[in-house]
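Please look through the structure below.

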Amino acid sequence: MTVGRGTGAVGAGLVALATCFANAQTAVPAFSAVQPEVFGKNNPLTSALADVDSDEDLDLAVSFLDGALRLYLNDAGVFVEVGTRSGLPDGGPAIRGLAFGDLDGDGDPDLYAGVSPDGGERARNLVFRNDGRGDFMEAAEELGLVLDDADSRQANWIDYDGDGDLDLFSAQRSARNRLFRNDGGTFADVSEVAGLDDPRRTVGACWFDMDEDGDLDLFLANQEADKDALYRNDGGTFTDVAPALGMHQPERTLAEGGVGCTVGDYDNDGHLDLFVATYGATLLYRNLGRGKFREVAAEAGLQRRLHAVGASWGDADNDGDLDLYVAAYDDHGSLGYLFMNQGGRFNDALVPDSPLRAADHGVQWADFDRDGDLDLSLTDTFPDDSSHRLFRNELPREAAERSLQVKVVDLAGRETQAGAEVRLYAADGALLGTRLVATGDGYGSQGVMPVHFGLATAAPVTVEVTFLSRESRNTRRLENVDPRDWRGTALVVKPE
């Protein structure tokens, strides 16, 4: 099957999905369904993307309510399901969390799968080591990453202690959260000593340097009236500062709580902001700098009272600012929203019957076909006709190519820099935007992929990458970068 641009490019199964503003005339991209005969399986929970077979294409893992974990290899934009021959399970306890990360430092992404048993059965999480060709072997016990009574949601591969390797945080819905320190390829449970063995019912976990001091801090979205947490990293131990900052939501009822979170600089001021999908009123915390935040969801047009689950920032129209997809549901079914950013205020862009509304859990943005615009992976879990759907962004070629993707790596060329920050500047020094190297969002997902910038023009830019370390925030600047030189690929930046 040939995959190309345009509404007829993927054969008879591809249907153009026009979207439009409900109360504005600004054009937004159309999306088209990709290979629905491949991705049409029922009851998916979440998805994650990474180049698992080292061919420079982003591959896709999707988890399902029946415990199946399916891998779809990307060959120049065409996906093939490889089934159980990849070493991934075909059934078992539900897998509600996926996180790609290079746990052993060998240069390829491994996969953590967080399980959530039904009916009170015991289950343990799964960790799959990648052989570099996209074949996986389960290795949780030998790595020291066994969770015998798992009820997992978001997991994050991050370097919380700044020693150069990826550690693992696993949020638990009905048990204490767990932090595992990477000690040269095996792991030690340091949850208690670090102060992160939080017993609250955690679903969402987002890591970013919220106070801009050089280490990664942690926001937790907690369910069933549990207060949210914002753990400041104090050199490898953590202090919950959410009450002091007014970010803990103390007035929640038992039916309310945080579910997913996502980090992005929506107002292009250089500080990373935080959106929280909730049962109840959704939250947007604008970062004021120096570790201070203000809740602005209502004034930004992003406050909704609903069952919001997953959310993720992405520049859908390549205009230079971040838009937001929110997966949600109510008593009548799925309620996905695509909020387009218009100068820091947002409008839901989807017509009522848009197929893009069909997402109640997972959402991930990624340029899987390397044409310069962000495509969209959605999971719709609980309706009888639910399915995983992959949508191609159909921006016109000129607009799609008006973008730049940046891959941030360590000195050895490995993608171990989750939480690093990338900023673009115009020739006159004006800040164009800030992006976070992914630490996890979109409901229980973490991908390994370049950060994406849409651009108003194709003029040369300055790229600045902020690397985090034990001592400080270290930056590297690359001037006079011409985005046209990096079409179809990514600019690779490593520390000096």
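Between β15 (202-208) and β16 (217-222) runs a loop, and E212 is found in it. The model shown here is a predicted one. In this model E212 has a positive phi of about 55°, although E212 is not a glycine. Is the residue buried, exposed or partly exposed? E212 has a relative accessible area of 28%. Buried would require a value under 20% and exposed a value over 50%, with partly exposed in between, so E212 counts as partly exposed.

A second residue can be described in the same terms. A225 lies in the loop that links β16 to β17 (229-233). A225 is not a glycine either, yet its phi is positive, at about 75°. With a relative accessible area of 24%, A225 is partly exposed.

From these loops we can turn to a sheet. Three strands form an open sheet in the order β35-β31-β38, and the pairing within this sheet is mixed. Which strands stand at the edges? The edge positions are taken by β35 (451-454) and β38 (491-493). Each of these two has a single partner strand, and therefore one side of each is left without a neighbour in the sheet. On average, neighbouring strands of the sheet are turned by 25° against each other, with direction ignored.

Strand β31, which covers residues 403-408, pairs with β35 in the antiparallel sense, and four bridges join the two. Within this pairing, V406 stands opposite V451 of β35.

The remaining points concern the protein chain as a whole. How many helices and strands does the chain have? There are six helices and 38 strands. The C-alpha trace spans about 50 × 50 × 45 Å along its principal axes. The chain has 496 residues, and 61% of them count as buried. Among contacts with a separation of 6 or more, 52% are accounted for by residues 24 or more positions apart in the chain.

Among the side chains, 43 are positive and 87 are negative. The centres of these two sets lie 2 Å apart.

Conventions. Residues are numbered from 1 along each chain as its sequence is written. This is a predicted model: local features need pLDDT of at least 70, side-chain atom pairs count only at pLDDT 80 or more; totals for chains, interfaces and linings use all residues. Side-chain values use heavy atoms; hydrogens and water are left out. Buried means under 20% relative accessible area, exposed over 50%, partly exposed in between (1.4 Å probe, protein chains only). Contact means heavy atoms within 4.5 Å. Lys and Arg count as positive and Asp and Glu as negative; His and the chain ends are not counted. The place of a charge is taken as NZ of Lys, CZ of Arg, CG of Asp or CD of Glu. Two strands pair if DSSP finds at least two bridges between them. Axes are lines fitted to C-alpha atoms, for helices over the stretch in contact, and angles run from 0 to 180 degrees between N-to-C directions.
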